[in-house]
Amino acid sequence: MDDALRERIEEAAETNALLNAVKHDSEAQVGAIMGPLMGQNPDFREYGDEIPGVIAPVVDRVNGMDADERRERLAELAPEKLEELEAEDEGEDHPLPDLPGTEDVDTVRMRVAPNPNGPWHIGHARMAAVVGTYKDRYDGEFVCRFDDTDPETKRPDLDAYDQILHAIDYLGFEPDDVVRASDRVETYYEYARDLIDAEGAYTCSCPQGEFSDLKNSGEACPHREKDVETVHEEFDAMVDGEYDSGEMVLRVRTDITHKNPALRDFVAFRMIDTPHPREEAADYRCWPMLDFQSGLDDHLLGVTHIIRGIDLQDSAKRQQFVYDYFDWEYPELVHWGHVQVDEYDVSLSTSTISELVADGELDGWDDPRAPTVASLERRGIRGEALVEAMVGLGTSTSNVDLAMSSVYANNRDLVDDETDRAFFVRDDDEHGGLVERMMVGGPDEGHPPVHPDHEDRGKRDISVVSGVAIEGDDLPPHGERVWLKGYGCVRHTRDAFEYAGDDISAVREEGVDVVHWAPADGPKLRLRTMDGDVTGLVEPGVLDYEPGDLLQFERIGFARVDDIDPDGESVAYFAHP
């Protein structure tokens, strides 16, 4: 580590230590500032083992100041950070950290850059949730750019373009522009030729293994010093499709002795024999690599801020070489860790989910067992609930875990007040099967409320004339009582339920259990859940709802009505408890 780098680390550490101490009105800790330090300065990461020893004295010096001295020093080093803290103290609370450098741009413009090789799993939603939230916060813009320039290994799915746009809409956002990279191939060719003119690129026909050996040893390949005219001729031949796959590439000339071999003379264009599935792009055979295409588009589309995975730090460094050739300024960059989602048995992998759907192990991308955005939507979980949970994860450089319970809690807050109640009696072994009993005495109908907190919505009318069905686990021993919710107390005789009155003290003072129920001849319903399908009976009023309506099955949870069949079996999708 040279002196200049050490000084940079000490300066950044002092700012972060002051920020930490002032924000929490306590002493700063080395561990607490390591994350922000690395996140803001990705080039520090390779010195991770040395940095704690460098910054410890800085942290000690900050901890030796009193509160006023810390504020004064932070005002000198980073006045904008102190202003942000003071704004928070005045009640401005943002779920995400401020984007860097927003004061230097007229309009914050970000991008969501999906590969349309399939619909979105839950992890994909994080980018749109955070970018959309930043757009709203800064009154900015974002572009949805489909990075679809790999028609072979990440082959686009023609349906995925619209499915992804629908997913963004479901989350509550609308892109300001929608761009397909496969429509911009001629633009990439144009800038490749400009790069060749700047002696920033050369054509290379080295076999991949041979070039890899040269690169790893820091040796230039024999094609590196071709004259510009020859490179143009060979690149034009690539564009015209005169080479086979793997026969010729265009490389960006970087630093062949760079300490990171991954940055040495990387590929910008390669030949692909597999035609693109989009008719408009099917004739192209010379395709840009993602680092070249994405880096170029970020500049040409006016992107000011990029969020990408911490594992893609090398992408920014490769793209910086191209930006340097064109004398462009690189966008502000935020790196974050991966998101992991609990509760699912299926991994967050487009290829894995696609295989399970193709093999019939999942009914589709909206199967309730699939960890996908389409599944959440079909289950009746609002996009806003997922956005709030994703935004709450922040932009840490560490891997983060999304607890689905947080999504469910958010959704419950959104839908509980407006969702009608209903009864669903499950006929499965886990709940003791379905038990039917005739009624002896008592009223002909029960009248539970449509919603317990809203008397003005009225009551449901549920007949007991044909008998009632309850879950086997709720059946009391002979001679004991149970309270049928919205009806009253009944005593279990040998083969019937005998009405025992409607004095609620049986529940409140004697501890009689309250259970849900349905008419013995009630409509059939299949409830699709993450653990498999459950069948049973519902109260007849369920048939009055429309597909897309949400119900709360009492003692079970929220469910979205999916299909109503008065003569057969209706279907609902379980959302959450």
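Trainee: Which residues line the largest cavity?
Mentor: Please keep in mind that this is a predicted model. The lining of the largest cavity consists of Leu525, Val542, Leu551, Phe553, Ala559, Arg560, Val561, Asp563, Ile564, Ser570, Val571 and Ala572.

Trainee: How many cavities of 30 Å³ or more are there?
Mentor: The count comes to one cavity of 30 Å³ or more. The volume of the largest cavity is about 40 Å³.

Trainee: How does one look for such empty space?
Mentor: A probe the size of a water molecule is rolled over the atoms, and this shows where empty space is left.

Trainee: How do the lining residues divide into nonpolar, polar and charged?
Mentor: Nine residues of the lining are nonpolar, one is polar and two are charged.

Trainee: Which strands each supply at least two residues of that lining?
Mentor: They are strand E25 (550-553), strand E26 (557-563) and strand E27 (569-576). The largest share, four residues, comes from E26.

Trainee: Let us stay with E25. Which way do its residues point, and are they buried or exposed?
Mentor: Leu550 and Gln552 point one way from E25, while Leu551 and Phe553 point the other way. All of these are buried. Leu551 and Phe553 also belong to the lining of the largest cavity.

Trainee: How many bridges join E25 to E26, and do the strands run parallel or antiparallel?
Mentor: E25 and E26 run antiparallel and are joined by four bridges. In one of these pairings, Gln552 has Phe558 in E26 as its bridge partner. The two strands form a hairpin, with three residues between them.

Trainee: What about strand E12: does it run parallel or antiparallel to E25?
Mentor: Strand E12 (residues 420-422) runs parallel to E25, and three bridges join them. Here Ala422 has Phe553 in E25 as its bridge partner.

Trainee: Going back to the hairpin, which residue in the turn has a positive phi?
Mentor: That residue is Arg555, with a positive phi of about 70 degrees. Arg555 is not a glycine, and its place is in the loop between E25 and E26. For context, most residues other than glycine have a negative phi.

Trainee: Is Arg555 buried, partly exposed or exposed?
Mentor: Arg555 is partly exposed, because its relative accessible area is 47%, and the term "exposed" requires over 50%.

Trainee: What is the phi of Asp139?
Mentor: Asp139 is not a glycine, yet its phi is positive, at about 50 degrees. This residue lies in the loop between helix H6 (125-138) and strand E2 (141-146). With a relative accessible area of 67%, Asp139 is exposed.

Trainee: A change of topic: how many aromatic pairs are found in the whole structure?
Mentor: The search finds 17 aromatic pairs. One of them is formed by Tyr189 and Phe269, a tilted pair at 5.9 Å centre to centre, with 45 degrees between the planes.

Trainee: Why does that pair tie together parts that are 80 residues apart in sequence?
Mentor: The reason is that Tyr189 lies in helix H8 (residues 185-197), whereas Phe269 lies in strand E6 (residues 267-271). Tyr189 counts as buried because its relative accessibility is 1%, and Phe269 counts as buried because its relative accessibility is 0%.

Trainee: And what kind of aromatic pair do Phe424 and Phe553 form?
Mentor: Phe424 and Phe553 form a tilted pair, 5.4 Å centre to centre and with 45 degrees between the planes. Phe424 lies in strand E13 (residues 424-426) and Phe553 in strand E25, so this pair ties together parts that are 129 residues apart in sequence. Phe424 and Phe553 are both buried.

Trainee: Which residues do ring pairs link into a cluster?
Mentor: The cluster links Tyr189, Phe235, Phe269, Tyr284, Trp287 and Phe292.

Trainee: One more topic. Which ring does the charged end of Arg251 sit over?
Mentor: The charged end of Arg251 sits over the ring of Phe211, 3.3 Å from its centre. There is also Arg126, which lies over the face of Trp336 at 3.8 Å from the ring centre.

Trainee: Finally, what is the strand order in the open sheet of seven strands?
Mentor: The order is E21-E18-E19-E20-E14-E17-E22, with mixed pairing. Strand E21 (514-515) and strand E22 (518-519) are the edge strands, each pairing on one side only. Strand E17 (residues 468-471) pairs with E22 in the antiparallel sense over two bridges, and Ala469 has Ala518 in E22 as its bridge partner.

Terms used. Residues are numbered from 1 along each chain as its sequence is written. This is a predicted model: local features need pLDDT of at least 70, side-chain atom pairs count only at pLDDT 80 or more; totals for chains, interfaces and linings use all residues. Side-chain values use heavy atoms; hydrogens and water are left out. On a 1 Å grid over the protein atoms alone, a cavity is a set of points where a 1.4 Å probe fits but cannot get out, and a pocket is an open set with protein on both sides within 12 Å along at least five of seven lines; lining residues have an atom within 4 Å of a point. Grid points are joined across faces, edges and corners, and a volume is the space filled by probe spheres set on the points. Ala, Val, Leu, Ile, Met, Phe, Trp, Tyr, Cys and Pro count as nonpolar, Asp, Glu, Lys and Arg as charged, and the others, Gly among them, as polar. Two strands pair if DSSP finds at least two bridges between them. Buried means under 20% relative accessible area, exposed over 50%, partly exposed in between (1.4 Å probe, protein chains only). Rings of Phe, Tyr and Trp (its six-membered ring) pair if their centres lie within 6.5 Å; planes under 30 degrees apart count as stacked, over 60 as edge-to-face and the rest as tilted. A charge sits over a ring if NZ of Lys or CZ of Arg is within 6 Å of the ring centre and within 35 degrees of the ring normal.
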